[in-house]
Structure formats: structure tokens, C-alpha cells
Amino acid sequence: MKIYDNFYDSKFIMDAASYLAQANIWSADNVANRYSHPYGHRGTHIILGHRIFTKANNHYTQDKILFDIGIEIFKGIEKLKESQLNLLEITANLQFKGMNGTFHKDGSDDQTAYILMLTNEFLGDDVGGKFINDTEKKEIDFKNGRLIEFNANDLHKANSFNLDNALRFSIKIVIGGNNERYTKNTS
């Protein structure tokens with residue numbers, strides 16, 4: 001797992017979070033670990049989500065501003081990796097207090113996931129919102145604009161803030177194929 005702080009401009013982070021707070025995009029259809037058939041409406045938990053882009057079904061959000069935000073985050077990842085990457089998915093999540101996630105995977109072992117943490121306000125210390133990677137046994141504190149890179153097959157979850165009315169956003173990018181991907185340090 002790798003962490004990138006202060007890579008994206010703070011104005012971009014605040015503009016993106018502000019847009020996410022005002023966008024009329026959120027629906028309770030982000031079901032993790034789906035187990036019901038045929039629609040997959042039941043799983044381990046549901047949080048507010050929005051699918052921005054998926055290559056598998058050639059889906060693009062109708063919200064152009066949100067799509068542009070997702071693509072700009074992806075372009076930043078390509079700049080970090082100094083490589084053209086195979087974009088598979090961009091999604092956004094919104095959590096309120098009490099909407100902790102449960103452990104799940106975002107893809108297969110040949111894919112890499114990136115999570116960008118966002119909030120639309122200035123928060124103090126000890127607000128919750130940790131990202132927990134169970135596969136690597138690591139907990140990452142929330143920091144606005146923090147980008148986390150990990151193997152998409154890692155078991156992980158995100159906790160909500162412990163503050164009333166505080167919005168915890170995340171934007172997930174999944175890449176895969178023949179590209180460079182995150183590999184665990186085995187030394």
C-alpha cells in the first residue's frame with residue numbers, strides 16, 4: 001500500500017468536495033458484497049454511491065463536471081506512475097456518521113485501486129474516517145486529499161466520521177490489464 005499526500009492542488013480537492021456535496025447524484029445503490037439474485041440488492045452494507053465510469057459496460061455518468069473531476073484524478077495517477085494506464089472504473093461514495101463500511105474487495109489481483117479521501121469542510125483531529133486494509137493489517141487516518149494505492153484484491157473498508165453532519169467522500173479509481181500495478185513489498 002502506498003500513500004500520496006499533497007499531490008493534488010488543495011483548490012482542486014476543495015472544489016471537488018464542494019461539488020460532491022451539492023451534486024444531485026447520490027443514490028443508495030452501492031451494495032458491497034452482493035449476495036441476492038438477480039439484482040444484487042442485498043449485501044453486507046449499503047452506502048450512498050455514484051458510478052462515474054465503468055469500462056465493462058461502457059457506462060459514463062451524465063454529470064459532465066463529475067466525470068471531468070474523475071478523469072482529472074485519473075490523469076494525476078498516470079502522472080504519478082509516469083505511464084498510460086488502463087482505466088476500468090471510477091466511482092464516488094458518500095458516508096455519514098454511522099455508515100461504516102464492511103470489508104470487501106474492489107477487483108482482482110491483477111488490478112490496482114486508488115482511493116482519494118475528500119471532505120468539504122475543515123475538520124479537527126480524531127474525527128474518524130479511517131481506511132482499513134485488512135490484507136496488509138494497516139489503518140490509514142483520514143486526510144483531505146490523501147490518495148491511497150493498493151491491490152484491488154485486498155480486503156478493506158472505510159469508516160465514516162464520528163461527527164454529526166460531516167460528509168466523508170471517496171473517489172475510487174481502478175486500473176488493470178498490462179499496466180504497472182501496486183505490488184506488496186515482500187522484503
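1. Terms and basis. Helices (DSSP runs of H or I, at least four residues) and strands (DSSP runs of E, at least two) are numbered from the N terminus. This is a predicted model, in which local features need pLDDT of at least 70, side-chain atom pairs count only at pLDDT 80 or more, and totals for chains, interfaces and linings use all residues. Residues are numbered from 1 along each chain as its sequence is written, and side-chain values use heavy atoms, with hydrogens and water left out.

2. Overall fold. The protein chain has two helices and 11 strands. Their order along the sequence is β-α-β-β-β-α-β-β-β-β-β-β-β.

3. Size. The C-alpha trace spans about 40 × 40 × 40 Å along the principal axes of the protein chain. The radius of gyration of the protein chain is 16 Å, which agrees with the value near 16 Å for a compact globule of 187 residues. That radius is taken over C-alpha atoms, and the globule rule is 2.2 Å times the number of residues to the power 0.38.

4. Of the 187 residues in the protein chain, 48% are buried. Buried means under 20% relative accessible area, exposed over 50%, and partly exposed in between (1.4 Å probe, protein chains only). Contact means heavy atoms within 4.5 Å. Among contacts in the protein chain with a separation of 6 or more, 76% join residues 24 or more positions apart.

5. Surface and charge. The protein chain exposes about 10000 Å², and carbon and sulfur atoms supply 46% of it. Accessible areas come from the Shrake-Rupley method with a 1.4 Å probe. The protein chain holds 22 positive and 24 negative charges, and their mean positions are 3 Å apart. Lys and Arg count as positive and Asp and Glu as negative; His and the chain ends are not counted.

6. Strand 5. This strand covers residues 87–95. Eight of its nine residues are buried, so strand 5 is largely enclosed by the rest of the structure. Two strands pair if DSSP finds at least two bridges between them. Strand 5 pairs with strand 3 (residues 45–54) in the antiparallel sense, over six bridges. Here threonine 54 has glutamate 89 of strand 5 as its bridge partner. Strand 5 also runs antiparallel to strand 11 (residues 168–176), joined by eight bridges. Isoleucine 90 stands opposite isoleucine 173 of strand 11.

7. Glycine 101. Look for this residue in the loop between strand 5 and strand 6 (111–118). Glycine 101 is buried, at 8% relative accessible area. Beyond its neighbours within four places in sequence, glycine 101 contacts His45, Gln95, Lys157, Ala158 and Asn159. Its C-alpha atom is 24 Å from that of phenylalanine 74, 27 residues apart along the chain.

8. Alanine 23. The loop between helix 1 (10–22) and strand 2 (27–32) holds alanine 23. Alanine 23 is buried, with a relative accessible area of 11%.

9. A cis bond. Histidine 37 and proline 38 are joined by a cis peptide bond, with omega about 5°. Proline 38 sits in the loop between strand 2 and strand 3.

10. Positive phi. Glutamate 82 is not a glycine, yet its phi is positive, near 50°. Glutamate 82 belongs to the loop between helix 2 (64–81) and strand 5. With 73% relative accessible area, glutamate 82 is exposed. Asparagine 165 has a positive phi near 65°. Its loop runs between strand 10 (156–158) and strand 11. Asparagine 165 is exposed, at 69% relative accessibility.

Conventions. Charge placed at Lys NZ, Arg CZ, Asp CG, Glu CD.
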